[in-house]
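Try each task before you read its solution.

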Amino acid sequence: MSDDDSTEGDPADAERDPTPDASDGRDWPPDPEDADDPPTDGTDRETVGEAAAEGVESDDGSSPTTPRIAGPQKLDVLTIPYQIAQQGVSIAIAIFVFGGGSASALFGSGRSLLAIGAIVAILLGIAAFVGYFVARYRRFEYELTADTFDIRSGVLSRRKREIPLRRIQNVDISQNVVQRALGVAEVGLETAGGGGTEAQLRYVSVDDAEALQSEISRLSRAAKADEGETTATDEERFETVFSITERELGILALISVDLRIASFLFFGASIFAPSAASMAQPDNWWEYGFGIDSLIDAFLGPLAALGAIAALALVSGVLNAARYYGFRLDRGEEELRYERGLLQKFRGTIPLSKVQTLTLEENVLARALGYAALTIETAGYTPTGGESNGSQSAIPVAERDRVVSLARSLESFEDDRMERPPKRARLRYGFRYAIGLAILVGLLYAGTVVTDFQLYWYVPLVAVPLIPVAAHYKWKNRGYALGEEHVVTRNGFWVRRQKVVPYHRVQTVFSSQTVFQRRRDLATVTVDTAGSQSLTGQDAKAVDIDADTAERIREAVSDELYGALARRRRGRGRSGSAGGAVGAAGGPGSADSESGAPGD
């Protein structure tokens with residue numbers, strides 16, 4: 001059992017915040033977001049923060065940086081029985097599995113004195129167990145100040161933590177089925193550069209969680225305003241920009257099937273092919289070819305295996321649909337808020353000022369149906385909420401035009417001038433696939449020769465005609481584009497990902513060549529940001545482009561980075577928005593923008 005309700009990661013170990021304090025001496029501007037005022041008609045929803053602030057008059061003389069959640073706060077009292085039950089069930093199961101037989105032998109041995117001692121020990125253990133959780137609840141408190149979020153905790157040793165509000169990236173609220181029934185929620189705080197959830201409140205009431213989420217967002221904006229950034233300090237009003245429909249939920253379940261199961265199907269076919277092929281052998285055709293036992297052995301086993309793989313794929317799609325059940329995305333001037341989940345409910349925030357990369361994602365099924373997904377990557381570690389790739393779904397699935405429209409309302413990018421790699425890269429892909437297939441055939445042939453198994457090494461050769469087709473589609477789905485304010489890259493066939501990176505979010509840009517790329521005079525340009533996917537090597541990349549073009553792109557992106565920063569410095573004092581894009585940092589067509597396509 002942990003002595004603390006907060007899960008920690010030290011942001012000082014890996015701080016990668018793209019918007020450092022102005023006092024650190026680096027020539028980096030703050031990150032104001034040019035944004036239109038959202039509509040103020042009846043479609044706007046009142047925020048939870050407004051409800052929490054009801055009764056506070058605007059002329060009461062209070063500072064906008066004064067927290068409306070005053071003083072130290074406690075967790076919900078239901079935390080005690082919930083955690084006791086949660087931990088107690090685990091301990092009871094472990095005792096039953098590993099010590100059930102010993103306990104039965106003890107109480108059935110007739111040694112009454114020893115049995116009484118065991119009962120007393122158990123009762124004392126239960127009392128200590130319950131007392132620990134009561135003490136932890138009583139000694140845990142959190143407090144929201146104008147600048148920090150403070151946590152004081154610890155039973156045997158005290159710990160105090162102060163998390164600067166400026167560094168908080170996201171405030172997420174999650175509830176499982178039991179927590180929803182009890183009316184409690186878990187609040188997770190994420191910071192830039194953290195390797196995990198910076199702090200967790202387990203558990204607070206739902207109303208307190210929502211009020212805390214709203215207050216941290218408001219005070220964070222106020223802190224940025226005090227440091228000279230152009231940002232609103234009053235309550236944000238949010239407009240629903242996307243809500244998933246039942247049809248889209250069904251499409252999501254369908255396209256969420258992991259297409260990598262195709263490799264398992266191929267592997268299964270190679271394993272079970274000998275059983276089916278034995279029916280065609282002349283020596284046993286009449287003896288086994290038409291027997292019921294032979295038919296069962298030849299077809300029932302493979303069909304059962306392939307059916308199990310298909311069932312697992314279907315289950316994965318259904319679970320993904322349940323994860324995004326009821327998905328809704330709301331947009332304000334400073335942040336996006338999302339809500340989703342059937343069995344486990346998540347509510348979180350995506351600060352627009354921290355957006356690093358937009359990714360349009362389409363697998364083969366989605367492209368065939370005309371659907372796509374949009375994910376948003378923020379600086380540092382991204383929120384807990386069931387995501388495994390370090391980004392947050394802004395749209396889990398929708399028609400592609402609708403997804404592109406929302407993405408362009410966040411960042412006004414252009415992707416109609418995508419340049420593909422040179423055609424010699426396509427030849428490289430063909431050689432790569434041919435070599436891989438040859439290695440597989442060689443291994444199967446060696447296994448046939450060395451062992452007594454008939455591995456049918458020639459079966460994979462049926463894929464030879466598919467090699468040029470696969471090489472062509474791999475080449476076709478790669479590309480890059482340099483816009484006036486963004487660099488766009490595209491990669492992947494089974495799952496095609498188009499990444500949009502604003503120039504002012506670029507951390508580094510570099511080119512690289514593998515041994516095989518040098519033989520073809522090709523190179524890869526990697527655009528690194530402060531996002532979490534950069535830590536896992538999933539940056540935006542222009543892959544297998546001409547080596548000379550790669551150097552020009554690298555220099556062009558570096559130049560555009562400094563140009564974008566200079567334009568943002570000049571526009572720091574301006575109010576309003578650029579065009580109609582909420583959260584867009586200057587759109588294409590601005591007076592001092594430069595053409596950014598030297599590599600086209």
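**Exercise 1.** Is Asp-544 buried or exposed? Find its strand and its phi as well.

*Solution.* Keep in mind that this model is predicted.
Step 1: Take the relative accessible area of Asp-544, which is 0%.
Step 2: Apply the cut-off: buried means under 20%. Asp-544 is therefore buried.
Step 3: Asp-544 lies in strand 19, residues 540-546.
Step 4: Check the backbone. Asp-544 has a positive phi, near 60 degrees, and is not a glycine.

**Exercise 2.** Describe Tyr-456 by its location, phi and burial.

*Solution.* 
Step 1: Locate Tyr-456 in the loop between helix 12 (423-450) and helix 13 (466-476).
Step 2: Read phi. For Tyr-456 the value is positive, about 50 degrees, although the residue is not a glycine.
Step 3: Judge burial. Tyr-456 has 11% relative accessibility, so this residue counts as buried.

**Exercise 3.** Which residues does the cis peptide bond join, with omega about 5 degrees?

*Solution.* 
Step 1: Look for the bond. The partners are Arg-202 and Tyr-203.

**Exercise 4.** What is the strand order in the open sheet of six strands?

*Solution.* 
Step 1: The order is 13-12-11-16-15-14, and the pairing is antiparallel.
Step 2: Find the edges. Strand 13 (392-399) and strand 14 (479-482) each pair on one side only.
Step 3: Note the twist, which averages 15 degrees from one strand to the next.
Step 4: Zoom in on one pair. Strand 14 and strand 15 (residues 486-491) are antiparallel, joined over four bridges. Here Gly-479 stands opposite Arg-490 of strand 15.

Methods: Residues are numbered from 1 along each chain as its sequence is written. This is a predicted model: local features need pLDDT of at least 70, side-chain atom pairs count only at pLDDT 80 or more; totals for chains, interfaces and linings use all residues. Side-chain values use heavy atoms; hydrogens and water are left out. Two strands pair if DSSP finds at least two bridges between them. Helices (H or I, at least four residues) and strands (E, at least two) are DSSP runs, numbered from the N terminus. Axes are lines fitted to C-alpha atoms, for helices over the stretch in contact, and angles run from 0 to 180 degrees between N-to-C directions. Buried means under 20% relative accessible area, exposed over 50%, partly exposed in between (1.4 Å probe, protein chains only).
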